[in-house]
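Hello,

Here is the structure I promised to pass on. My notes follow below it.

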Amino acid sequence: MSHVWVDVEIADIEKRKSVTAKALVDTGASLMVVPKKLADELGLEASSEEKVITGAGIVTLKRAQLWIRLQGKEEPFSAWISEQIDKVLIGVVVLKSLGFEVDPTTETLREKPLLLYAYCSA
């Protein structure tokens, strides 16, 4: 499967300033990653610093709250701010929270009902 790219609108948490960007859907990532340059442009304020496991090892990244709109659905989310990654990444927590999954046959997003809970009989 090749890469899945989507258009996403990203705004500061108060929705005062927003931009539309191409984002890579990364189902191996949990949250979102926003390049530092874009975070600065939107005026995102870091709320914490956290150690994050990446393909290049463990790095410390700042976390900020932002607002996103993806294919007509919008919510506030946490995102990591990266000086090394130069593109917006959308992780699986964001994807599933908005009710999407990757369709491997079309390499696009498709809507999927949200999971309230998994039922297991003992």
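**Salt bridges and a buried serine**

K73 is partly exposed, because its relative accessible area is 25% (buried means under 20%, exposed over 50%, partly exposed in between, with a 1.4 Å probe and protein chains only). This is a predicted model, where local features need pLDDT of at least 70, side-chain atom pairs count only at pLDDT 80 or more, and totals for chains, interfaces and linings use all residues. Residues are numbered from 1 along each chain as its sequence is written, and side-chain values use heavy atoms, without hydrogens and water.

K73 forms a salt bridge with E111, with the closest N and O atoms 3.3 Å apart (a side-chain nitrogen of Lys or Arg within 4 Å of a carboxyl oxygen of Asp or Glu). The pair links distant parts of the chain: K73 sits in strand β6 and E111 in strand β9, 38 residues apart (strands are DSSP E runs of at least two residues, numbered from the N terminus). E111 is exposed, at 59%.

How many salt bridges does a search of the whole structure find? It finds 13. E74 pairs with R69, the closest N and O atoms being 2.7 Å apart. E74 is partly exposed at 24%, and R69 is partly exposed at 36%.

Now look at S82, in strand β6 (residues 73–82). S82 counts as buried because its relative accessibility is 2%. A polar atom of its side chain lies 2.9 Å from the backbone nitrogen of I85.

Best wishes

Note on methods:
Helices (H or I, at least four residues) and strands (E, at least two) are DSSP runs, numbered from the N terminus. A polar contact is a pair of N or O atoms within 3.5 Å; within protein, one must be able to donate a hydrogen and the other to accept it, and residues adjacent in sequence count only if both atoms are side-chain atoms.
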